[in-house]
Every structure is written in structure tokens, then in C-alpha cells.
Amino acid sequence: MNDSSETTVTDGIPAGSLRSFAVETRGDAFSNELKDRIIGELTAKNMVYLDKGRPDLVISVGGDGTLLQAFHKYFYCLGQTAFVGVHTGHLGFYADWTADEVDDLTASVTSKQCNIVAYPLLNVRISYKHQDRVRSYLALNECTIRSGEGLLVADVLIRGEKFESFRGDGLCFSTPTGSTAYNKGLSGAIIHPSLPTVQLTEIASINNRVFRTIGSPLILPRHHHCQVRPVNDDRFNVTVDHLSTLHADVKQMECCVATEKIRFARFRPLPFWRRVRDAFIG
Ligand code: NAD
């Protein structure tokens, strides 16, 4: 381990072990140009370019949203694929290499030992009143729940025991790395990704003499699953990172720390608190 703050480092990969790669871009001309350059440089060094399948490395070129898209595209091979992000706009939280550093990055990929850091994800399971199936999602940042229309009125349970009745705009469940995204805008805490937790924050809850919620973010450990059950309207508007879907006939939505993790390739140290400082303090 070369960085004491990245306590989630799981293993070191010797130089030359990353043999195949994919590149995902935001789609703008500059990001696409960088993509072509990366493909040219890595294939010249005998790495195999894969457009799909199970690449050892996925390089995202764009912003945090591009990395989120890449994560959802390659969710089926998280155990063997590592991610790295290049930002072509402002400094990204996941996209930490600059466009100017692309040559350094491609040289590092082929010639440097890299560390893999594994960060927790959020598991979301939605079950339905009149259907047997359960839909499962993995989130890298967060999942939010709003009502199909108007106010969200729902019971919140922790480990199957009723905790509160919620009335308000919605609820947000975030991962530690997602704690600096929407969660931060909801005054949630910033959580170090070495802590396998899920954070629950409220989106504009109603609190008065009749309705009461806890009003503080809750940080749940791995074994404390949280359930949300609709009270009247059984339609939930659910976002998982940048993706949004409407679910009808909802019986329950359950959120917990996922068993899967996302793996990032680190070719140089990137302490979490430095990233937080650089992104928000400057
Ligand atoms: P996007 O790529 O434009 O991202 C929106 C902003 O969120 C960007 O500035 C991005 O850098 C930042 N961001 C994303 N993940 C982050 C992280 N883990 N830590 C710090 N900043 C992060 O748009 P998109 O592709 O639709 O991104 C979806 C994400 O946008 C959601 O996962 C959510 O976290 C975020 N979002 C934030 C707010 C808010 O803060 N009020 C509202 C809606 C969505």
C-alpha cells in the first residue's frame, strides 16, 4: 500500500498485467479525440482494445457522469474490471487525470505497477405487490426515491422494524463515494470510502406538530438493511445515479451495502481527503 489514506487498497498489479481495455467518452469532439489517442497509444504497446466484453481496464474520458455511465455499462464484470477517469471539463471526483496527462496515464498503464482500490456500492431491491419478481440495481453514487406524483408518504424501516413515517419530497441513499455528490447537497456527511456504509438523507421532509421525522442523516452499517414502504400512492420515482425510472405497484424498496465493489486503478496516490479538498475548497 503506497497511500495510508486509501485503506481500501486490495492488491497490487504488476506492470503489464492489464492486457485489455475499453474507452468510454462523453461523446464531445475533444473527448473523442483523446479516446482515439488513448486507443492508438495502448494498442501500439500490445494492449487489446475491447468495445464490449470484459476488459481489464475501462478508461472514462469526460466527467463524473461519463464514469457513472461506464460503471453501469460494465456492471456485470466489476470483479475483474478496474476503472480510471480522465476529465475533459472541470475537475471530476472520479475523473482525476487531466487531458494533459493522458500520455503519462497510457505510459503508466503499460509500464507501472498499479494498485487497485475497491469502494463500496449501494444495492437496491424493489419488490412489487402483485408481481413475483424483484428488480435489483447497483448504484455508484446514490439512489433517490420520490413519489409518482406529489408528496412521498412512506414508512421507513431499519432491519424490518418501523423507524419513522416519512412525508416530504423524498429520500436519498448514498454510497461513501457518492456522499460528495447529491448527498452533500442534502447536508449529508462526507464518508470515507473505507467505511462500508449506506447513508440515508431526507429531501425536504415535513416536520411539524403532526408529522415528525428524525431530520438527521443516518449512517447504516453493512448488516443494517433499510426498507421503504409506500403508504398510499404505490408508485415510486427512483433514480439510480443518472438513471431514472418509475415503478408502479411497489410493495417495498430495500437499500443496503452491496456485496459487489467498484475497483479503481491507481497509478499514483490519490488520498480521499485531498480529492475532497481539491473539489470543494480549491
Ligand atoms: P453530471 O455528470 O453533470 O454530474 C452532476 C455533477 O455532479 C457534476 O458536477 C459532477 O462532477 C458531480 N458529481 C457526480 N458524482 C460526484 C461525486 N461522487 N462526488 C462529487 N461530485 C460528483 O450529471 P449526471 O451524469 O446526471 O450525474 C448524476 C449525478 O449528479 C447524480 O449521481 C447525483 O449525485 C448528481 N446530482 C447532484 C445534485 C445536487 O447536488 N443537487 C442534483 C442532481 C444530481
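1. Where is the place of Ser187? Ser187 lies in the loop between helix H4 (182–185) and strand E12 (197–205), where helices (H or I, at least four residues) and strands (E, at least two) are DSSP runs, numbered from the N terminus. The model is a predicted one, in which local features need pLDDT of at least 70 and side-chain atom pairs count only at pLDDT 80 or more, whereas totals for chains, interfaces and linings use all residues. Residues are numbered from 1 along each chain as its sequence is written, and side-chain values use heavy atoms, with hydrogens and water left out.

2. The phi angle of Ser187 is near 65°, a positive value in a residue other than glycine. Ser187 is exposed, with a relative accessible area of 60%; the scale used here takes buried as under 20% relative accessible area, exposed as over 50%, and partly exposed as in between, with a 1.4 Å probe and protein chains only.

3. Asp249, in the loop between strand E16 (243–247) and strand E17 (250–266), has a phi near 65°, again a positive value in a residue other than glycine. Asp249 is buried, with a relative accessible area of 13%.

4. Strand E10 (residues 152–158) is mostly covered, six of its seven residues being buried. E10 pairs with strand E11 (residues 161–174) in the antiparallel sense over seven bridges, two strands being counted as paired if DSSP finds at least two bridges between them. Within this pairing, Val156 has Glu164 of E11 as its bridge partner. The hairpin of E10 and E11 has two residues between the strands, and Arg159 takes a positive phi near 55° there.

5. E10 also pairs with strand E14 (residues 226–230), in the antiparallel sense and over five bridges. In this pairing, Ala154 stands opposite Pro230 of E14.

6. Helix H1 (residues 29–44) packs with helix H3 (residues 102–111) at an angle of about 35°, and their axes are 10 Å apart. The axes are lines fitted to C-alpha atoms, for helices over the stretch in contact, and angles run from 0 to 180 degrees between N-to-C directions.

7. On the H1 side, Leu34, Arg37, Ile38, Glu41 and Leu42 meet Val102, Asp103, Thr106, Val109 and Thr110 of H3, contact meaning heavy atoms within 4.5 Å. The residues of this contact divide into five nonpolar, two polar and three charged, where Ala, Val, Leu, Ile, Met, Phe, Trp, Tyr, Cys and Pro count as nonpolar, Asp, Glu, Lys and Arg as charged, and the others, Gly among them, as polar.
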